[in-house]
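Me: I am new to this protein. Could you take me through its structure step by step?

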Amino acid sequence: MAEETGRARRRGHADRLRRDHRVQPHHDRHNEERIIMNLSWQKRLAALAVAATLTGCGATTASSPTTTASAQAAATSVSSSAQSVLADNKDSHYKASDLDYEASSVVTVTLSGSSASASGPGVGIDGSTVTITEPGTYKVSGQLTDGRLVVNSTASGETRIILDGADITSSSGPAIDIQAADEVNVILADGSQNTLTDGSGYDTSADGAANAALYSRADLTIAGTGSLSVDGRTNDGIASTDGLVIVSGTIRVQAIDDGIRGKDYVIVEDGTINVTSGGDGIKSDNSQDSTRGYVDIENGTIAVNATAGDGVDVTSDFVQTGASLTITTAGGSSSRPSDSTDAASTKGIKAGAQLVISDGTDTITSSDDAVHSNDTVQIDGGTLKLSTGDDAIHADNALTTNGGTIDVTASYEGLESNAITLNAATINITSSDDGINASDGSGEADDPGAGSASNSTMVITGGAITVDAGGDGLDSNGAMTISGGTIVVNGPTDSGNGALDTGGTLRISGGTLFAAGSSGMAESPDTDSSQAWLQSELTASAGQSVTISTTDGTQIASYTVAKATGNIVFSSSAISAGSSYLVSVNGGSATTVTANQSTGTTMGGAMGAPGPR
């Protein structure tokens with residue numbers, strides 16, 4: 001397990017960030033702590049001890065890069081980094097045997113309008129209030145037009161509630177109110193359709209007050225093959241002040257505030273989940289214990305529409321090892337978020353500590369950052385399709401890619417972090433400002449002459465990267481190093497930005513780089529780079545091809561530029577320092593350039609402006 005001091009330090013950093021966590025009144029967790037191993041998960045972890053494969057890419061002569069990086073970097077569905085993060089957190093309370101029961105032991109509860117009846121012990125009925133008072137298995141069917149199902153059991157043991165065509169509506173509180181229990185399993189009977197609706201406008205202000213249509217003060221599991229529709233008309237839809245595990249089922253949640261909330265953790269093993277929320281879609285918010293407050297998405301199909309909150313909001317760690325996840329926040333990516341500290345956070349996925357995606361398909365359309373961590377982000381695999389009004393992927397401290405595919409169709413900045421390491425992945429970025437920005441958020445560049453310093457770094461060792469940027473293409477406020485990969489940058493047309501921009505050194509030792517942009521802020525690699533490079537000022541229009549050849553006419557590479565271009569930088573293993581090469585546009589007259597010699601004005605150190613957090 002990670003050292004507590006490190007986790008506490010990250011917590012302190014997260015607490016200082018503005019408007020990343022809206023404070024809501026939530027309730028104390030159940031007093032009895034249970035550490036029950038999730039046996040199926042433990043077996044999977046033992047069988048999937050893997051490490052990410054970090055692989056570089058060869059050169060290309062096509063107008064767009066081709067690569068096998070994704071295949072080479074592909075890992076199993078649970079990467080070693082995902083395993084490590086999960087091992088740092090509290091184990092799930094759920095195990096498969098929790099759902100086992102004898103049919104002969106089932107107590108049938110029949111709901112009938114404003115009354116109910118039960119076939120056995122463990123059930124108290126007072127008008128339209130049905131109270132389960134001891135562990136056991138209870139099958140609930142029928143309709144309560146204005147009532148509620150309460151669980152109030154102090155005995156140890158599993159309480160199983162089988163919903164088989166149950167429709168419960170309350171006018172003054174939760175439809176299901178789990179006030180006390182060891183663990184509760186809600187099982188959706190095969191083929192059943194079940195509905196829970198709580199009251200509108202009931203008081204949730206008191207400490208410990210229930211605030212969801214399905215509310216639990218105990219560890220809660222939802223499973224089965226039926227369906228459940230939940231309407232949270234006062235606050236949350238489904239909420240547990242302990243842990244929440246969704247094993248299976250078809251679940252629809254509509255809520256005034258948060259859709260699905262597990263204070264200690266939310267684990268989705270499988271199922272079809274659709275959430276529409278006025279606050280956060282899926283949330284875990286225990287900030288008192290560094291091993292809690294996490295979300296683990298393993299499989300299933302999940303759709304979240306958070307109209308005024310985050311799609312997924314996690315105080316601690318977010319881990320995704322599978323699933324199809326579709327998230328829309330605040331109507332989408334048509335505008336940048338407000339910079340006001342009072343504005344609601346409307347990010348796609350937001351983590352307070354570590355965020356790891358090792359597999360799955362995420363389609364996120366968000367007004368604020370699509371993927372965000374107050375600490376670190378690591379992408380080991382999967383497919384991310386991101387459209388955002390701010391950053392596509394943002395990590396305050398470090399962002400690493402080891403595999404997968406990242407397609408950014410719209411963003412203010414594509415990737416942003418203090419330390420960016422791109423080891424592998426297929427990355428396509430469209431941004432109105434910087435494409436990839438290594439920045440500590442201070443706005444300071446590592447420019448000794450200016451008397452300032454930045455420890456920001458950008459390291460590219462592999463992958464296939466394509467950038468179409470309105471601002472700087474690749475921008476590091478500190479140093480930038482490239483040792484592998486295939487990189488194509490279509491940078492800015494305005495003279496105030498460049499395809500390449502560093503506040504420190506820019507060294508190349510491998511890979512293939514083609515960077516096209518304006519000439520006003522053109523920057524070339526350092527002359528002590530171990531791999532040679534070319535820089536040439538030229539005039540090219542969008543759609544025209546730029547060809548690099550040897551002086552005898554042998555073509556080395558050709559690229560089609562996406563926009564008007566005044567300067568290019570090219571580096572590959574085919575270039576030798578001190579040798580001359582020909583650069584031509586659309587087959588026109590060629591310009592002779594010498595490797596490792598800059599042409600025209602070269603400038604560096606422009607500062608990438610951090611967006612609102």
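Predicted model: local features only at pLDDT ≥ 70, side-chain atom pairs only at ≥ 80, totals over all residues.

Me: How many salt bridges does a search of the whole structure find?

Reply: The search finds 16 salt bridges. A salt bridge is a side-chain nitrogen of Lys or Arg within 4 Å of a carboxyl oxygen of Asp or Glu.

Me: Which residue does lysine 139 meet in a salt bridge?

Reply: Lysine 139 pairs with aspartate 164, with 3.3 Å from N to O. The two belong to distant parts of the chain, 25 residues apart: lysine 139 is in strand β5 (residues 136–144) and aspartate 164 in strand β7 (residues 158–169). Strands here are DSSP runs of E with at least two residues, numbered from the N terminus.

Me: Is lysine 139 buried or partly exposed?

Reply: Lysine 139 counts as partly exposed because its relative accessibility is 32%. Aspartate 164 is also partly exposed, with a relative accessible area of 27%. Buried means under 20% relative accessible area and exposed over 50%, with partly exposed in between (1.4 Å probe, protein chains only).

Me: And what about arginine 252 and aspartate 231: which strands are they in?

Reply: Arginine 252 lies in strand β16 (residues 250–255) and aspartate 231 in strand β13 (residues 227–232), so their pairing ties together parts that are 21 residues apart in sequence. Their side chains form a salt bridge at 2.8 Å, N to O. Arginine 252 is partly exposed at 30%, and aspartate 231 is partly exposed at 21%.

Me: Next, lysine 350. Why does it count as buried?

Reply: Lysine 350 counts as buried because its relative accessibility is 0%. Its salt-bridge partner is aspartate 313, at 3.8 Å from N to O, and aspartate 313 counts as buried at 3%. Lysine 350 lies in strand β25 (residues 349–351) and aspartate 313 in strand β23 (residues 312–314), so this pair ties together parts that are 37 residues apart in sequence.

Me: Changing topic: which residues touch the most other members of the largest nonpolar core?

Reply: They are Leu163, Ile238, Phe318, Leu386, Ile393, Ile436 and Leu474, in a core of 95 residues. A second, separate core has 21 residues, including Val488, Phe514, Ile568 and Val593. A nonpolar core is a set of buried Ala, Val, Leu, Ile, Met, Phe, Trp, Tyr and Cys residues joined through side-chain atoms within 4.5 Å. In soluble globular proteins, nonpolar side chains tend to be buried together.

Me: What is leucine 474 in contact with?

Reply: Leaving aside neighbours within four places in sequence, the contacts of leucine 474 include Ile436, Met458, Val467, Ile487 and Leu500. Contact means heavy atoms within 4.5 Å.

Me: Where is threonine 388 found?

Reply: Threonine 388 is in strand β29 (residues 383–388), and it is buried, with a relative accessible area of 2%. Its side chain reaches the backbone nitrogen of aspartate 390 at 3.0 Å. The C-alpha atoms of threonine 388 and glycine 332 are separated by 6.9 Å, although these residues are 56 residues apart along the chain.

Me: And serine 417: buried or exposed?

Reply: Serine 417 counts as buried because its relative accessibility is 0%. This serine lies in strand β31 (residues 413–431). A polar atom of the serine 417 side chain is 3.4 Å from the backbone nitrogen of leucine 399.

Me: Last topic: what is phi of alanine 425?

Reply: Phi of alanine 425 is near 130°, a positive value in a residue other than glycine. Alanine 425 lies in strand β31 and counts as buried at 1% relative accessibility. Alanine 323 has a positive phi as well, near 85°; it lies in strand β24 (residues 318–329) and is buried, with a relative accessible area of 13%.

Note on methods
Residues numbered from 1 in each chain as written. Heavy atoms only, no water. Helix = DSSP H or I, 4+ residues; strand = E, 2+ residues; numbered from the N terminus. Polar contact = N/O pair within 3.5 Å; in protein donor to acceptor, adjacent residues only side chain to side chain.
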